[in-house]
Amino acid sequence: MKVDSLQIPYSKADTPTKKQKGKLPLWLKGLVLPVIVIAIWQTVSGLGYVSETVLPSPLLIVQSFIELVLSGEIFEHLKISILRALGGFLLGAGIGLALGLIVGFSKPSEIYVDPTMQMLRTIPSLAVTPLFILWFGFDELSKILLIAFASFFPIYINTFNGIRSVDAKLFDVARVLEFSKRKQLTCLIFPAALSHILLGIRLSLGTAWLSLVVAELMGSSSGVGYMIMDARQFSQTEKVFVGIIIFGIVGKLTDSFVKVLEKRLLKWRNSFEGVH
Amino acid sequence: MAVQIQVDEKAFQIDTTKKVVLDGIELKIEEGDFLTIIGPSGCGKSTLLKIIAGLDTEYRGSIEINGRNVTKPAISQGFVFQEHRLFPWMTVEKNIAADLNLKDPTVRKKVDEMIEIVRLKGYEKAYPSEISGGMSQRVAIARALIRDPEVLLLDEPFGALDAFTRKHLQDVLIDIWQKKKITMVLVTHDIDESISLGTDIAILRSNPGQLQKLIHVELAYPRNRTNPSFQYIRQQVLQEFEKTDTVGYKDGEGI
């Protein structure tokens, strides 16, 4: 008799789903903590325990946000900030990914390039800011280069580590199947290192966003960072809060985007997801 | 002649000592034959298979497949590893195709045919983490077979599987061998497996690895393990094994 159980057609529908009736959706669970904090904050502000200039109430911040939306000011600043961050990220992460792939793939490249990269990595972005201003002035270029400098390293290191952690036994398979160098890269190295690369992208996006604040605070006439600095000068604390919250929300959205990408591209992974 | 094996010496450097693993092995495998290689642990049977595959080229001697000298791994020497070594990010069908384009109708047809042969219909879209070890090993066999190798080399492919799955896969392998009429070399440590599958059994002794005996098996397939002829061959292999034990582990030596 044959082992009949092996002939049962595979179906993803057979696997139990994580959704259970009567339970809060995951995204709603993530909102529980901020809602509690905001409720306490509103109560404390409403009772007049803290000055509005020091800590404006959430309602005042919302009001300020609505005003900024209606006037269209927020969108102008946000558009410029996003373009700056994106430009810097694409430049830095693009070079980081390419160099990480080259250095990870070839041993001589590692010997010649990696020690310098490791030295540069330890230099804080803030330390190179004055140099960038001296070289490129206060223009867009210096801001984009500062963001690029900061977002280069996370993706470079993660791509390099991703390639070096590819199971060596799979290279024997590639040899037996006579993979060309290009196929080795596309069919083996890149997919095997993808989880590390995506982590690098997440970290790089985060760093790009953080550096954007530094770049815009160091001197600019537009962008969310400028809006914050401007509001500070006029003691418009609620506007400062709007700027900070915008930074937080956009940062979280970009991170979530990469996480969705991770879920789609790494659906084959069978790793521990944490206990429920 | 399908495969001509001549390994004069294969040695490893362990610290400062040279350790000879294979010494003077000469074997000829006729086209369409199924050779099983068996021997005590550390006798160099897997090393020998890697040499035949071209995965290990640091030895004295030569390997010829259909008159061609083997100097590197190639798809004409299909290889199935002890662990399935599937690409975890590829589905079953993509693993079988690997670097071949699944959208190509010829490749698609061959992949479908392979899936049918290794009895994996219905699992084409499953990832390796979603199927059993036995099924994964069948995918690995299909991946090697789809490239029409001249010889299929199998390194203890069923070693880590349970008895039921192993028996099932042995049947699958014999089925493939009879249909495709392909030359096969299988390394195993399971005596029954070597007799069930092989047209010839090469018994190796260790320290250094040398050919102890080559037994020709004249039994019809599928082979019944309770058959007296099967038991007789088993007895013969065991006797040779006892001799290899004395040779391999004299003075408490062993690799």
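**View 1. Strands β7 and β8 of chain B run parallel and are joined by five bridges.** The strands cover residues 151-155 and residues 183-188; strands are DSSP runs of E with at least two residues, helices runs of H or I with at least four, both numbered from the N terminus. B:Leu153 has B:Val185 of β8(B) as its bridge partner. This is a predicted model, in which local features need pLDDT of at least 70 and side-chain atom pairs pLDDT 80 or more, while totals for chains, interfaces and linings use all residues. Residues are numbered from 1 along each chain as its sequence is written, chains are lettered from A in the order in which they are written, and side-chain values use heavy atoms, without hydrogens and water.

**View 2. The open sheet of chain B has six strands in mixed pairing.** Their order is β6-β7-β8-β3-β9-β10, where two strands pair if DSSP finds at least two bridges between them. β6 (77-80) and β10 (210-216) are the edge strands.

**View 3. Helix α1 (residues 45-53) of chain B lies across β3, β6, β7, β8 and β9 of chain B.** The helix runs at about 150° to β7(B); angles run from 0 to 180 degrees between N-to-C directions of lines fitted to C-alpha atoms, for helices over the stretch in contact. Contact means heavy atoms within 4.5 Å.

**View 4. Chain A and chain B meet through 26 residues of chain A and 32 residues of chain B.** The two chains form two salt bridges, each a side-chain nitrogen of Lys or Arg within 4 Å of a carboxyl oxygen of Asp or Glu. In the one between A:Lys169 and B:Glu83, the closest N and O atoms are 3.6 Å apart.
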